[in-house]
Amino acid sequence: MEKKCKNCKKVIIESPLEEKIKTSIWIQEEICTDCAWQWLLSFWPSIGKWYKRKCDFSWETIVTMYPENARFPIYKYKYFESDSWSPPFLSVDFSKNIFKQIKELQEKTPRPHMLGKNQENCDYCDDVWSSKNCYLSLSMLNCESIFYSYRNIDCSYCSDIIYCHFMENCHDMTLSSHCYKVFYGFNIKNSSESMFLSDCRNVKNCFMCWNLRDKEYCILNKQYTQEEYEKFIKKYNFWSRQEIEKLKKWFNEHLKENSYFTENINVSCEKSSWNFLTNCKNCENCFLLEESEDCINVIRGYKNKNSMNCSGLLEGEKCYMVNQSSYVYNLKYSSYCGNCKESSYLDNCSNCSYCFGCVGLKNKEFCILNKQYTKEEYEKTIKKIEENMRNIWIFWNFFPYTMMYSWYNTTLAIIYFPLEKEEVLGLWWYWEEDEEKEFWGEIFELLDDIKDISTDFASKAILCKKTNKPFNFSKEAIEFHQKNNIALPNISHIERMKEKYMPLSYIKPYISKCNISGKEITHYYPPSLWYKNIISKEEYEKKMY
């Protein structure tokens with residue numbers, strides 16, 4: 001059925017699965033994938049932006065993703081989780097827009113300075129679970145000694161890795177798993193002791209290779225003996241930054257001309273579309289989704305069912321327009337929630353049921369704007385609120401952009417949906433001005449060769465090659481590079497994270513012809529990458545196996 005997005009007016013073709021999901025969760029909203037994701041990701045603080053400020057409870061110095069002038073109080077996590085404060089509440093004012101009342105409550109309610117539990121020596125991190133000795137990294141589970149990294153599970157002693165699982169002693173890797181001592185790679189599995197790889201499986205001692213399976217001692221996809229390989233590798237000075245930059249450029253040129261790129265990187269999926277899907281069934285227009293079934297327009301998630309228009313959803317069922325939430329059921333228009341069900345318009349709530357418009361609430365049911373009601377009072381009041389919302393055309397809407405946790409240009413939305421400052425301000429959204437204080441300290445030169453840099457260089461200011469802003473390296477990061485004889489980059493960790501995450505942000509589909517069979521395919525590689533050999537899934541399987 002053909003309909004139009006309520007925001008951008010783009011035509012939407014509603015599939016039978018979409019109609020089925022909407023019917024099951026009682027939703028009538030019409031919004032396209034792009035508008036839904038842009039809205040949700042605007043409520044997802046970006047990767048790598050940190051602020052040093054005071055805790056609003058104890059006045060201790062904390063490092064957080066929320067600036068000093070955040071619209072709401074920021075408590076250090078242990079104080080947020082304590083019983084030393086009680087969430088504020090409001091009585092419903094039926095003469096006022098309900099979103100204005102939720103926003104007022106949001107601005108009174110504390111938020112934790114970071115997410116996570118069972119962490120040790122991870123003060124400069126966020127969203128950290130059962131990990132220790134990590135630095136300037138986000139979204140980790142069971143990790144140890146990870147630096148400048150994002151969204152990793154079961155990794156140890158690594159630097160600059162993005163979206164990786166079960167990695168050890170690796171550097172500059174994206175979308176990879178089960179690797180040991182692999183540097184500079186994308187989409188690598190079960191490999192070790194190699195450098196500059198793309199789309200390889202079960203390789204060892206390989207250099208500048210792509211599309212390889214079960215190989216050892218290869219250079220530019222050509223087989224060598226062990227002695228020949230080792231002799232060739234010795235020609236390169238990997239501890240020189242200039243050398244590494246040349247090799248990166250050289251490798252990228254080889255990939256453009258010679259590597260095969262499959263139309264999508266989906267694994268073991270049935271009746272599912274878009275990219276980076278694993279073990280999914282009946283999932284339409286989904287991205288970076290795993291072990292899920294009957295989902296539409298879900299970006300980044302794991303073990304979800306019967307859900308639509310969600311981002312960062314973990315084990316959710318019957319969810320709609322939900323952001324960064326886990327273990328939730330029949331939850332709608334909510335963000336940063338855990339173990340909640342049968343609720344709508346919740347923000348940063350946990351273990352709540354049958355609640356509406358609540359913020360920072362824990363272990364409650366039948367609450368509206370954090371105020372307790374009886375079951376009968378709750379149901380009667382909710383009907384009246386929903387009637388008012390319909391009358392002013394705000395029913396079926398997510399939180400307004402004025403409730404964003406940070407500025408648009410510091411959220412994940414800016415990566416997937418880049419906008420200029422004037423465009424953002426024209427939409428009455430928030431934009432952070434670059435008001436970093438002028439640095440009056442000494443700026444040091446980052447030497448080219450890692451062998452010439454001692455750990456005494458830790459914390460000394462260097463100018464980022466891209467932004468011309470000062471940054472530094474920790475002692476542990478310098479030791480990691482020294483041990484592995486690889487050069488230190490002259491780009492700040494924020495810019496490096498953005499660069500490595502970029503391949504995971506290509507959500508726009510492109511229609512072209514398979515470079516081998518001529519069959520029409522849908523892929524996700526922008527023309528600016530200049531990839532020559534984009535091929536169908538069928539032809540890719542023939543080439544690889």
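Reader: In which strand does Asp 294 lie?

Author: Asp 294 lies in strand 21. Strands (E, at least two residues) and helices (H or I, at least four) are DSSP runs, numbered from the N terminus. This is a predicted model, where local features need pLDDT of at least 70, side-chain atom pairs count only at pLDDT 80 or more, and totals for chains, interfaces and linings use all residues. Residues are numbered from 1 along each chain as its sequence is written, and side-chain values use heavy atoms, with hydrogens and water left out.

Reader: Why is Asp 294 called buried?

Author: Buried means under 20% relative accessible area, exposed means over 50%, and partly exposed is in between (1.4 Å probe, protein chains only). Asp 294 has 14% relative accessibility, so it counts as buried.

Reader: What is Asp 294 in contact with, beyond its neighbours within four places in sequence?

Author: Contact means heavy atoms within 4.5 Å. Leaving those neighbours aside, the contacts of Asp 294 include Leu 17, Lys 20, Ile 21, Lys 281 and Ser 307.

Reader: Why is Asn 485 called partly exposed?

Author: Its relative accessibility is 36%, so Asn 485 counts as partly exposed. Asn 485 lies in the loop between helix 10 (475-484) and helix 11 (493-501). Asn 485 also has a positive phi of about 55 degrees, although it is not a glycine.

Reader: Is Phe 196 buried or exposed?

Author: Phe 196 has a relative accessible area of 2%, so it is buried. Phe 196 lies in strand 14. Its phi is near 55 degrees, a positive value in a residue other than glycine.

Reader: What makes Cys 158 buried?

Author: Cys 158 has 0% relative accessibility, so it counts as buried. Cys 158 is found in strand 12 (residues 156-168). Apart from neighbours within four places in sequence, Cys 158 is in contact with residues including Phe 147, Met 167 and Phe 480.

Reader: How far apart are the C-alpha atoms of Cys 158 and Cys 125?

Author: They are separated by 15 Å. Along the chain, Cys 158 and Cys 125 are 33 residues apart.

Reader: Why is helix 2 called largely enclosed?

Author: Eight of the nine residues of helix 2 (residues 33-41) are buried, so the rest of the structure largely encloses it. Among the buried ones are Trp 37, Trp 39 and Leu 41. Their cover includes strand 21 (293-302), strand 22 (305-317) and helix 8 (413-416).

Reader: What is the largest nonpolar core, and which residues have the most contacts inside it?

Author: A nonpolar core is a set of buried Ala, Val, Leu, Ile, Met, Phe, Trp, Tyr and Cys residues joined through side-chain atoms within 4.5 Å. The largest has 135 residues, and Phe 207, Tyr 416 and Tyr 501 have the most contacts inside it. Strand 14 (residues 177-210) gives the most to this core, with seven residues. A second, separate core has 24 residues, including Cys 155 and Met 167. In soluble globular proteins, nonpolar side chains tend to be buried together.

Reader: How do you know that the chain is as compact as a globular protein of its length?

Author: Start with its make-up: 12 helices and 32 strands. The radius of gyration is 25 Å, close to the 24 Å that the globule rule gives for 545 residues, so the chain is as compact as a globular protein of that length. This radius is taken over C-alpha atoms, and the rule is 2.2 Å times the number of residues to the power 0.38.
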